[in-house]
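Subject: Structure for you to look at

Hello,

I am passing on a structure that you have not worked with before. Please open it first and then read my notes below.

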Amino acid sequence: MSKLKVNNLSCQKGYNLLFENLSFEINSGDVLKISGPNGSGKTSLLRIITGLSSFESGEIHYDSYKLNSEQYKLDFLYLGHLASLSPELSCIENLRYSSLLDANDLNNDHSMALKQVGLEKYENDLVGTLSAGQKKRIALSILFITSSKVWLLDEPFSALDSKAIKIFENKIEDHCKQGGICILTTHQECNINNLREISL
């Protein structure tokens, strides 16, 4: 069983203290929702845990691995709130490129991943021609091919309709049932089993 532990974490941006003395623990099978107003540090927290941003004080422990060690990086998948897609590439080309960044990508069935998010008919369409919701589905379709254990998802449900939200809620539940961990930020209500919530 994996465990992610945050102890007395503090983050400051310029002269602004976003949060301080933040502590929580999350285990395999758990989903943690980070809530709070805009500017409270939700995205910064995810980026800190991923190893992409620095912090003022505190500690982050994940099993026996050090923050930013090779194994730590292999176990973590971070998806920002903006879809990092190339408008000049097709849906499947974007997904293939995204999966190259994931060293744990053991399942290369990109077509099936797109089918599971309802975009099988758009596989060869250029991303630049699609709606915001469709672009979000493409970005999140990597969840169907990654084997990373810890998912850090920043506003994963933005621009999605209720049907798409349910697809990804179910995927998060399945991931955690198999021993995964998920931490997400969202301003929307979540219908996910084993969901806990902390507020910044």
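Strands β3 and β7 run parallel and are joined by four bridges. In this pairing, Ile-34 stands opposite Thr-185 in β7. Strand β3 is also joined to β8, again in parallel, by five bridges; there Ser-35 stands opposite Ser-199 in β8. Please keep in mind that this is a predicted model.

These strands belong to an open sheet of five strands, ordered β5-β6-β7-β3-β8, with parallel pairing. At the edges are β5 (76-79) and β8 (195-199), each of which pairs on one side only. From one strand to the next, the twist averages 15 degrees.

Tyr-78 stands opposite Leu-152 in β6.

Helix α1 (residues 42-50) touches β3 (31-35), β5, β6 and β7 (181-185). The direction of α1 makes about 155 degrees with that of β6. Helix α6 (residues 162-177) touches β3, β6 and β7, and its direction makes about 145 degrees with that of β7.

How much of β3 is buried? Five of its five residues are. In a regular strand, side chains alternate between the two faces of the sheet. In β3 both faces are covered: Val-31, Lys-33 and Ser-35 are buried on one side, and Leu-32 and Ile-34 on the other.

The other topic is the aromatic residues. The structure holds five aromatic pairs. One of them, Tyr-62 with Phe-76, is edge-to-face, with 5.0 Å centre to centre and 80 degrees between the planes. Tyr-62 lies in strand β4 (residues 57-62) and Phe-76 in β5, so this pair ties together parts that are 14 residues apart in sequence. Both Tyr-62 and Phe-76 are buried.

Phe-76 also pairs with Tyr-72, and that pair is stacked: 4.2 Å centre to centre, with 10 degrees between the planes. Tyr-72 counts as buried because its relative accessibility is 0%. Phe-76 has a relative accessibility of 8%, so Phe-76 counts as buried too. The cut-off for buried is under 20%. Together with Tyr-65, the residues Tyr-62, Tyr-72 and Phe-76 form one aromatic cluster.

Regards

Conventions:
Residues numbered from 1 in each chain as written. Predicted model: local features only at pLDDT ≥ 70, side-chain atom pairs only at ≥ 80, totals over all residues. Heavy atoms only, no water. Pairing = 2+ DSSP bridges. Helix = DSSP H or I, 4+ residues; strand = E, 2+ residues; numbered from the N terminus. Axes fitted to C-alpha atoms, helices over the stretch in contact; angles between N-to-C directions. Contact = heavy atoms within 4.5 Å. Buried < 20%, exposed > 50% of the residue type's maximum accessible area, 1.4 Å probe, protein only. Phe/Tyr/Trp six-rings, centres within 6.5 Å; stacked < 30°, edge-to-face > 60°.
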